[in-house]
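Biologist: I would like to learn how to read a model like this one. Please take the features one at a time.

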Amino acid sequence: MARIPGKFGKLRQRFGIAAPRVAVRSEVAWYLRWLGLIVVLACSAALAAWMYDAGRRFAGFDRSEIELELSNALRDLQSARNELERLRAVANAAESRLSIERTAQQKLTQQIRGLEQETARLREELAIFESMLSAEARAANPLSINRFKVVPDVLPGEYRYRLLLLLAPGNRRDRDFQGRLELVVSLTEGGNSAMMTFPEPGDPSAAAFRLSFRHFHRVEGIFRVDPKAKVESVQVRVFEGGSDRIKAAQTASPG
């Protein structure tokens, strides 16, 4: 068999029957390929979600029912919170009313106690006035000192005194009784006895010891001594007008 020249043989191998096979394909744009990929992924995700939800429903778990129960639970919780706030408001109002009632009760108790003390005092004074109505009392005591008491006060060395002065009915006058009051305090200090007189000479509070009344007069005041001293007794003296003659006197011990 005759051999074919070199160049002609190469052309025959490229385009002849012995040439390699060639596949013809149409060119697709890149964005179309990506779009197709996205569509495929979306369909896959939707299918997976549907299969997951179907699996849960098949297993007895329904998302819609759970959301409904959760919504109901949240609504019940909010209702319970509102009820709790209402009950707290009611409790606070009740506590405020109870506190007001308790305070009012305490004030009422104090007022009742004060009225009882005032009633006892008035009864005592009434008994004193009735005793003054007798003829013997009028003759013997034209001026009397009643309920003379001396008690320690809040501060050390401070004492409070109170008394009631009465004029007998037979000694009533058209003018007021004018006079003065004097306190003589007997005390011991450092084993030594001493006496103090109130008001002292030049005492600016001497005006508080002046007396001016028609039928009866309540006297109350405070005197002070050295806190280290012990008061043994206190004598009250009443003088009429500018006289130095004692009109009435009475002694009491602190207690």
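Predicted model: local features only at pLDDT ≥ 70, side-chain atom pairs only at ≥ 80, totals over all residues.

Modeller: Residues are numbered from 1 along each chain as its sequence is written, and side-chain values use heavy atoms, with hydrogens and water left out.

Biologist: In what order do the three strands of the open sheet lie?

Modeller: Strands of a sheet pair through backbone hydrogen bonds, either parallel or antiparallel. Strands here are DSSP runs of E with at least two residues, helices are runs of H or I with at least four, and both are numbered from the N terminus. Two strands pair if DSSP finds at least two bridges between them. In this model the order is S1-S2-S6, with antiparallel pairing. S1 and strand S6 (216-224) are at the edges with a single partner strand each, so one side of each has no neighbour in the sheet. From one strand to the next, the twist averages 15°, taken between lines fitted to C-alpha atoms, with angles from 0 to 180 degrees between N-to-C directions.

Biologist: How many bridges join S2 to S6?

Modeller: Nine bridges join strand S2 (residues 158-167) to S6. Tyr161 is opposite Gly221 in S6.

Biologist: Is Ser144 buried or exposed?

Modeller: Buried means under 20% relative accessible area, exposed over 50%, and partly exposed in between (1.4 Å probe, protein chains only). Ser144, in strand S1 (residues 143-152), has a relative accessible area of 9% and is therefore buried. Its side chain makes a polar contact with the side chain of Asn146 at 3.1 Å. Such a contact is a pair of N or O atoms within 3.5 Å; within protein, one must be able to donate a hydrogen and the other to accept it, and residues adjacent in sequence count only if both atoms are side-chain atoms.

Biologist: What is the phi of Arg147?

Modeller: Phi of Arg147 is near 55°, a positive value in a residue other than glycine. Arg147 also lies in strand S1, and at 25% relative accessible area Arg147 is partly exposed.

Biologist: Which residues does the cis peptide bond join?

Modeller: The cis bond joins Phe198 and Pro199, with omega about 0°. Pro199 is in the loop between strand S4 (192-198) and strand S5 (210-213).

Biologist: Where is Leu41, and is Leu41 buried or exposed?

Modeller: Leu41 is in helix H2 (residues 30-58), and its relative accessibility of 52% makes Leu41 exposed.
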